[in-house]
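Let's take a walk through this one, stopping at a few places worth a look. Keep the viewer open as you read.

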Amino acid sequence: MKKNLLLLFILWPLLAFNQSFEKNLSKEKWQFKNTKETEWLKAKVPGTVHTDLLHLNKIPDPYLVNNESVLQYLENENWDYRTNILITKAELNNEHIELVFDGLDTYAKVFVNDSLVLVANNMFRTWIIDIKKELHIGKNTIYIQFESAVNKAKAEAAKLPYTLPGDEKVFVRKAQYQFGWDWGPRLVTCGIWKDVKLKFWNQAKINHVQFIQKSLTNTKALVEFKLQINSTLDDVYQLKILQNNSVKVFDMSVNLQSGLNSIKIALEIDNPKLWWTHNLGAQNLYNYAFKLTNYNRLIDTTSITFGLRTIELVQEKDSIGQSFYFKLNGVAIFAKGANYIPEDNFLPRVNLAKTKELIKNAKAANINMLRVWGGGVYPSNDFYKLCNQNGILVWQDFMFACAMYPSDNEFLANVSAEVNEQIVRLRNNPSLAIWCGNNEIDEGWKNWGWQKQFNYSTADSTKIAQQYKTLFEIVIKNAVHHLDNSRSYWPSSPSIGWGRKESLTQGDAHYWGVWWGMEPFKIYQNKVGRFMSEYGFQGMPSVQAFKNMGALQLKDGQNVLDSTVLKTHQKHPTGYKTIQTYMERDYLVPKTFENYVYVSQLLQAEGIKTAIEAHRRAMPYCMGSLYWQLNDCWPVTSWSSVDYNGDWKALHYQVKQSFSDVLISLHEKGDSVLVYIVSDKLTSIKGSLQVNLIDFQGKVYFAENEEIVISPNTSSVYYYFSKANLKTNINLKNVVLQASFTNKNNNYNALYYFNNPKNLDIQNPNIKIKYIGYNQIEITTDVLAKNVYLSFKNEQIKLDNNYFDLLPNEKKTIQISSNFKTADLLEINVKTLFDAK
């Protein structure tokens with residue numbers, strides 16, 4: 001009995017400890033102030049200086065009118081944040097108490113009870129400090145001093161004998177787009193931009209779990225879990241793995257040594273269920289919980305979600321150059337997608353609901369890949385979770401873009417820690433397809449004339465080029481290879497600039513001959529590369545978006561396009577001029593602002609349609625089409641298909657059609673119009689192909705029907721329409737070629753006009769709309785109704801189709817996807833191209 005009591009006495013300090021737990025400090029009463037001032041103001045965490053000042057009505061809304069320009073002084077100020085926290089005796093008795101900042105933007109000194117515990121210098125890193133020694137029972141103070149990132153960057157830049165392309169922003173590990181881009185404002189903010197918490201733990205802590213897929217067949221998956229566990233003592237622990245937090249799949253003792261431990265566990269999964277993109281199969285996911293116990297007490301727990309799949313970047317030499325495409329589970333896939341930028345300039349505004357809606361919009365447009373662009377931020381875990389669940393692959397840039405970066409030891413060590421953390425955080429996601437070092441830096445160095453612009457000496461030029469190689473071909477490349485060798489690493493996107501012919505025969509390509517080069521949309525049909533990872537054209541957001549930003553509050557006689565507000569919300573130096581030039585080529589330029597917005601969206605949609613369909617027709621030569629860009633970070637005229645308010649532009653509706661799993665694309669070549677059918681489906685499809693030539697009043701000049709079989713995962717010509725069928729008595733300004741494919745499940749359509757829109761003989765259509773139940777409306781017309789745009793006074797009403805062409809006597813059913821009242825349908829507004837004069 002005495003021996004048992006003695007053993008209990010020895011073990012009691014250990015048995016008394018609780019399992020690890022966290023305390024959210026974001027909800028504490030935070031305050032902030034300008035360092036030069038004495039008044040403390042209420043702060044919100046997560047938050048930024050700008051949003052805190054806005055909440056208190058200390059500044060005007062940076063997104064309204066031209067307020068951006070009057071708020072530039074804020075970037076040069078220093079700011080302080082503070083809060084008090086209560087620590088109980090029980091809490092202080094824990095072995096470790098870690099202060100965890102998920103994100104500090106950017107240069108920050110953190111004090112706990114007047115003791116300096118952290119000097120932070122990277123927005124993209126998590127900062128963890130054990131502060132047990134600094135704490136005491138009762139009230140404790142956390143004080144943070146933020147230094148202006150702009151001033152810090154300028155000071156770093158002044159240390160170099162030359163200027164690096166990209167200005168001062170390249171010296172700070174902060175979201176580069178916040179310094180201004182050609183679609184975003186310059187609003188360089190700071191603050192506690194992610195959550196803050198205290199983590200209490202004892203004996204051991206699971207730092208992270210890596211999922212490694214060793215092999216995969218139809219009947220068995222061999223997997224390995226690699227755990228990093230920090231232990232404060234040598235002891236024997238029990239490790240359990242539960243699937244869906246209930247079914248035990250592993251249970252064994254593990255010997256941990258004091259310090260960091262690496263534990264590997266091999267498992268077999270019978271009859272594995274694969275993860276696919278949403279257009280090819282199910283998004284099967286496995287949820288495993290890891291529980292570490294000691295003497296039957298839970299010490300720590302964590303969980304991961306993973307998918308079983310293979311992903312491979314295939315680059316094989318061929319007679320033209322070298323392929324560039326992805327294989328998912330052994331299937332060559334055409335990547336249909338867009339470039340993703342940060343969802344707001346003030347990142348704490350981005351929440352699960354907003355990201356969920358954006359990913360929903362992407363999936364609805366048949367997008368199966370998003371490229372996270374390198375000038376923004378690494379998105380939240382929610383973003384990747386949603387991509388996992390919705391079957392959308394992710395091309396992941398590291399956060400470097402359009403500039404040359406320093407490579408001194410301090411900078412490289414900072415970047416190395418950042419990159420290592422992000423790889424560890426993201427590598428278990430089945431949606432993650434590829435790591436990419438940067439956006440357009442290799443192209444910029446080789447093609448943008450930086451050497452001449454900045455008057456570099458040969459020695460300086462050589463040094464800067466070597467710094468690039470050190471950063472992207474050694475530091476980041478080695479980190480990916482060491483921490484996640486299951487995925488490919490691509491140093492820079494694009495691999496070759498768009499002005500060189502090799503850019504279209506190998507690697508990925510950014511093609512900006514359209515827009516930047518002012519080339520016509522038809523050039524897209526000739527400039528097709530192996531994987532088109534950027535191209536785009538601007539379209540204006542909705543009229544309501546302009547009203548929301550205060551852009552339509554004009555003086556008498558003022559042209560809205562000349563207003564300061566519109567210019568503030570157009571960041572490309574020649575943006576509106578470029579839109580106008582392209583519009584004049586293809587459309588009658590409208591006289592009213594509302595119609596101008598409408599036609600600008602049609603113009604954008606038509607241009608990107610031309611590009612996407614050229615890319616898809618060229619498969620398997622071309623195997624990817626990622627347009628620029630999916631979304632906006634503030635109210636602006638930009639290249640996005642979904643505006644800042646979440647509203648679809650005409651482009652997004654067009655993307656939905658052009659990225660359909662089965663696409664009919666009509667292409668005029670020589671004496672024929674070729675009817676291409678592109679299929680992403682993995683099985684053959686039997687059906688009927690109907691080709692008609694009709695005029696805008698419904699008269700049929702030509703009709704032919706064929707039974708065909710569409711081959712899986714291919715692009716082929718299934719019909720040649722001879723232009724000899726265009727008889728001399730046919731007015732080409734008044735006819736359209738229609739091709740449709742029908743089987744028992746679906747109907748796919750495409751139209752081809754023989755003139756650009758401004759030369760078409762369109763008439764005023766008599767459009768009829770009726771509600772047919774089940775959240776559907778039916779729309780018909782007596783003559784061609786081109787680019788039918790339906791809008792409602794209730795702006796919450798969403799439609800599954802819009803800006804469409806409607807043929808004479810055709811019935812088109814439109815799904816209403818949002819809640820509405822029957823009375824809302826009485827306030828529907830219909831606009832067609834005929835009205836836009």
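This is a predicted model: local features need pLDDT of at least 70, side-chain atom pairs count only at pLDDT 80 or more; totals for chains, interfaces and linings use all residues.

Start with the helices. Two packed helices are described by the angle between their axes and the distance between the axes. For helix 6 (residues 352–364) and helix 7 (residues 381–390), the axes come within 10 Å and cross at roughly 35°. The crossing of helix 6 past helix 7 is right-handed. On the helix 6 side, the contact uses Leu352, Thr355, Lys356, Ile359 and Lys363, while helix 7 brings Asp382, Phe383, Leu386, Cys387 and Asn390. Sort those contact residues by type and you get five nonpolar, two polar and three charged.

Buried or exposed, what does His667 count as? Its relative accessibility is 14%, and the cut-off for buried is under 20%, so His667 counts as buried. Leaving out residues up to four places away in sequence, His667 touches Gln525, Arg617, Ser672, Val673, Leu674 and Tyr676. With Arg617 there is also a polar contact, side chain to side chain, at 3.4 Å.

Next, the backbone. Most residues other than glycine have a negative phi, and most peptide bonds are trans. Here are some exceptions to check in your torsion list. The peptide bond from Met619 to Pro620 is cis, with omega near 10°, and Pro620 lies in the loop between helix 15 (593–617) and strand 30 (624–627). Another cis bond joins Trp628 and Gln629, with omega about 10°; Gln629 belongs to the loop between strand 30 and helix 16 (650–658).

As for phi, Cys402 has a positive value of about 55° without being a glycine. You'll find Cys402 in the loop between strand 25 (393–397) and helix 8 (409–426), and it is buried, with a relative accessible area of 18%. Glu440 also has a positive phi, near 60°. Glu440 is in the loop between strand 26 (432–436) and helix 9 (441–447), and at 9% relative accessibility it counts as buried.

Three strands make up an open, antiparallel sheet in the order 38-39-42. Strand 38 (767–773) and strand 42 (812–815) are the edges, each pairing on one side only. From one strand to the next, the twist averages 30°. Four bridges link strand 39 (residues 776–781) to strand 42, and Gln776 has Gln815 of strand 42 as its bridge partner.

Conventions:
Residues are numbered from 1 along each chain as its sequence is written. Side-chain values use heavy atoms; hydrogens and water are left out. Two strands pair if DSSP finds at least two bridges between them. Helices (H or I, at least four residues) and strands (E, at least two) are DSSP runs, numbered from the N terminus. Axes are lines fitted to C-alpha atoms, for helices over the stretch in contact, and angles run from 0 to 180 degrees between N-to-C directions. A crossing is left-handed if the near helix is turned anticlockwise from the far one by less than a right angle, and right-handed if clockwise. Contact means heavy atoms within 4.5 Å. Ala, Val, Leu, Ile, Met, Phe, Trp, Tyr, Cys and Pro count as nonpolar, Asp, Glu, Lys and Arg as charged, and the others, Gly among them, as polar. Buried means under 20% relative accessible area, exposed over 50%, partly exposed in between (1.4 Å probe, protein chains only). A polar contact is a pair of N or O atoms within 3.5 Å; within protein, one must be able to donate a hydrogen and the other to accept it, and residues adjacent in sequence count only if both atoms are side-chain atoms.
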